[in-house]
Amino acid sequence: MGVHRVVEVAQSLVFGLVALVSSPPHVVLVGLDSSGKTTALLRLKYGQYVNAVPTVGFNCEKVRCGGGQWLVWDVGGAERVRPLWRSYTRATDALIFVVDSSSGPDRLEEARLELHRLTRQQNHECLALNRARPPLLVLANKQDLPGAKDTQQLAKALGLPDLPQPQAWAVAAACAVTGEGLDEAMAALHHLLLKTKKTHKTRK
Ligand code: G3D
Ligand code: MG
C-alpha cells in the first residue's frame, strides 16, 4: 500500500469518527495554494485577521456563520497534496473552492482543471452511492487586490456552467483579510445546501 493510500485511509477514518460525534454540516475548503483558505477559516473562527502559516495536512474548526454552524476542514492546496483532497471531499456535505480572484490566466486554468477533476470524482462517487452531490460555493477571494475578477468573470474562467448537472453552485465575492463577504458567502452556501437536500429528496 502506497504512502498516499495509507494517509487517505487514515484520514477517511478520522473524518468518519468526527462525522459520528458532531452534527453540523461538514464543509471542505479546497483550492490552489495561497488562494486564502486558511485565512478565510481563521477569519470565520476568530472574527479577525490571523496571519496563516502554510498548511501542512489540514485544519478543522467549528464555526458559526451564514445563519448556521459548520464543521470546516481546510486542506493544503500545494500540487503534491492535491490528490488528498478526495479523501476529505468524499463524505462532505458541501464544498468551498477558494480562488485568488487576482490570478492570471495560467493559475485560473490550473484552478479550473483541479475543480473539474474533483467534481468529476465526486459525481462518480455520489452516483454510485445514490447520494446528493454536495453543493459547490466558489469563494472569489482577494477582491481587494488590483485586477481582481468579478464573480461572473470567474464563473466563466472556471467553467462553472459546464459542470455536469445536477450540481448546485454559486460564486461569492470576498476578502478573507477584512472578512468582507464571508458571512454572505456562507449564507449562500447554506441556501444551496437546503436546495440540494430538497431536490435530492424529490428525485428519490
Ligand atoms: P492557503 O491556505 O489557501 O494556502 P493562506 O492561503 O490563507 O495561507 O493565504 C496566502 C496569502 O494570501 C497570505 O499572505 C494571506 O494573508 C493572503 N490572503 C488571504 N486572503 C486574502 C485576501 O482576501 N486579500 C489579500 N490581499 N490577501 C489575502 P502571506 O503574505 O502571509 O503569504
Ligand atoms: Mg492554508
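Me: What is the space taken by ligand 1?
Reply: In this predicted model, the space taken by ligand 1 is the largest pocket. The word pocket applies to an open set of grid points, whereas a cavity is one that the probe cannot get out of.

Me: Why is the pair formed by Ser34 and ligand 1 called a polar contact?
Reply: A polar backbone atom of Ser34 is 2.8 Å from an oxygen atom of ligand 1, and the cut-off for a pair of N or O atoms is 3.5 Å, so the pair counts as a polar contact. A backbone N or O atom of Ala176 lies 3.0 Å from an oxygen atom of the ligand, and a polar side-chain atom of Asn51 lies 3.4 Å from an oxygen atom of ligand 1; both values are within 3.5 Å, so these pairs count too. The protein covers 74% of the 660 Å² of accessible area that ligand 1 has on its own.

Me: Which residues are closest to ligand 1, and how many surround it?
Reply: The ligand is surrounded by 18 residues, of which Ser34, Lys37, Thr38, Thr39 and Asp144 are the closest. By class, this shell has seven nonpolar, seven polar and four charged residues. Helix 2, which spans residues 37-46, gives the most to the shell, with three residues.

Me: What makes a residue of this chain count as buried?
Reply: A residue counts as buried if its relative accessible area is under 20%, and 46% of the 204 residues of the chain count as buried.

How values were computed:
Residues numbered from 1 in each chain as written. Chains lettered and ligands numbered in written order. Predicted model: local features only at pLDDT ≥ 70, side-chain atom pairs only at ≥ 80, totals over all residues. Heavy atoms only, no water. Near = heavy atom within 4 Å. Polar contact = N/O pair within 3.5 Å; in protein donor to acceptor, adjacent residues only side chain to side chain. Areas by Shrake-Rupley, 256 points an atom, 1.4 Å probe, with all protein chains shown as cover. 1 Å grid on protein atoms, 1.4 Å probe; cavity = no way out; pocket = protein on both sides within 12 Å on 5 of 7 lines; lining within 4 Å. Sits in = over half its atoms within 2 Å of the grid points. Helix = DSSP H or I, 4+ residues; strand = E, 2+ residues; numbered from the N terminus. Nonpolar A, V, L, I, M, F, W, Y, C, P; charged D, E, K, R; others polar. Buried < 20%, exposed > 50% of the residue type's maximum accessible area, 1.4 Å probe, protein only.
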